[in-house]
Amino acid sequence: AINRAGTMGGRRAKRGPYADAIDAKFGKDDPAPFVADVLRRLRTWNLNTMASWTTSEFFNQGMPFTEIVEFRYSAPRMIEVSPVDVPDVFDPGWEASVDAKAREICAPLRDSRDLIGFFTDNEFG
């Protein structure tokens, strides 16, 4: 996955030293030079797809991508199942929370020609 922060987490990625280096090299205000450079390097390496957790400035730039919705993080209630927590899909608010999350993440990408598809979640633990 690709993001400007240089750390894991996609939309939730925390800034790290990599982000400072990127800002110094490409500037803070316009992501376009960084995006263009990354896409150029990916193509040079014969990579042809960007994975989930790639941040949105890379979307719709002529390279296929996947997106992750992470319904788990929208759950109104979690069930503790050692060693992980799982969403309570029987909670009356589950359907509305999942619908809201899908509208937030999926709806803006509905017309994308580069989108391969969505992952609902990743491994929970």
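Two rings of Phe, Tyr or Trp (its six-membered ring) count as an aromatic pair if their centres lie within 6.5 Å. Keep that cut-off in mind for the third stop. This is a predicted model.

**Stop 1: the whole chain**

Show everything as a cartoon. The protein has 3 helices and 4 strands. Starting at the N terminus, the order of elements is α-α-β-β-β-α-β. The C-alpha trace spans about 50 × 35 × 25 Å along its principal axes. Colour by burial next: 38% of the 125 residues count as buried. Then consider contacts between residues at least 6 apart in sequence: 52% of these join residues at least 24 apart.

**Stop 2: helices α1 and α2**

Select residues 17-26 for α1 and residues 32-44 for α2. Helix α2 has 13 residues. From its first C-alpha to its last, α2 reaches 18 Å, close to the 18 Å expected at 1.5 Å a residue.

How do the two axes cross? The axes of α1 and α2 come within 9 Å and cross at roughly 105°. That makes α1 roughly perpendicular to α2. Show side chains at the crossing. Helix α1 brings Tyr-18, Ile-22 and Phe-26 to the contact, and α2 brings Pro-33, Phe-34 and Asp-37.

Now pick out the buried residues of α2: Phe-34, Val-35, Asp-37, Val-38, Leu-39 and Leu-42. The buried residues of α2 pack against α1. Just after α2, stop at Asn-46, which takes a positive phi of about 65°.

**Stop 3: the aromatic rings**

Searching the whole structure gives 3 aromatic pairs. One of them joins Phe-34 and Phe-58. Their ring centres are 5.8 Å apart, with 75° between the planes, and the pair is edge-to-face. Phe-34 sits in α2, while Phe-58 sits in the loop between α2 and β1, so the pair ties together parts that are 24 residues apart in sequence.

**Stop 4: two loop residues with positive phi**

Stay in the loop between α2 and β1 and select Trp-53. Trp-53 has a positive phi of about 80°, although it is not a glycine. At 26% relative accessibility, Trp-53 counts as partly exposed.

Move on to Glu-70, in the loop between β1 and β2. Glu-70 is another non-glycine with a positive phi, here about 60°. Its relative accessibility is 6%, so Glu-70 counts as buried, the cut-off being under 20%.

**Stop 5: helix α3**

Select residues 94-105, the 12 residues of α3. This helix reaches 16 Å from its first C-alpha to its last, close to the 16 Å expected at 1.5 Å a residue.

Which residues of α3 are buried? They are Trp-94, Ser-97, Val-98, Lys-101 and Ile-105. Turn the view to look down the axis of α3. The buried residues fall within an arc of 95°, so they line one face of the helix. On the other side of α3, Glu-95, Ala-96 and Arg-103 are exposed.

What does the buried set pack against? Show β1, β3 (84-87) and β4 (115-119): the buried residues of α3 pack against these strands. For β1, select residues 65-68.

Note on methods. Residues are numbered from 1 along each chain as its sequence is written. This is a predicted model: local features need pLDDT of at least 70, side-chain atom pairs count only at pLDDT 80 or more; totals for chains, interfaces and linings use all residues. Side-chain values use heavy atoms; hydrogens and water are left out. Rings of Phe, Tyr and Trp (its six-membered ring) pair if their centres lie within 6.5 Å; planes under 30 degrees apart count as stacked, over 60 as edge-to-face and the rest as tilted. The expected span of a helix is 1.5 Å times one less than its number of residues. Buried means under 20% relative accessible area, exposed over 50%, partly exposed in between (1.4 Å probe, protein chains only). The arc is that of the directions from the helix axis to the C-beta atoms. Contact means heavy atoms within 4.5 Å. Axes are lines fitted to C-alpha atoms, for helices over the stretch in contact, and angles run from 0 to 180 degrees between N-to-C directions. Angles under 35 degrees count as roughly parallel, over 145 as roughly antiparallel, 65 to 115 as roughly perpendicular and the rest as oblique.
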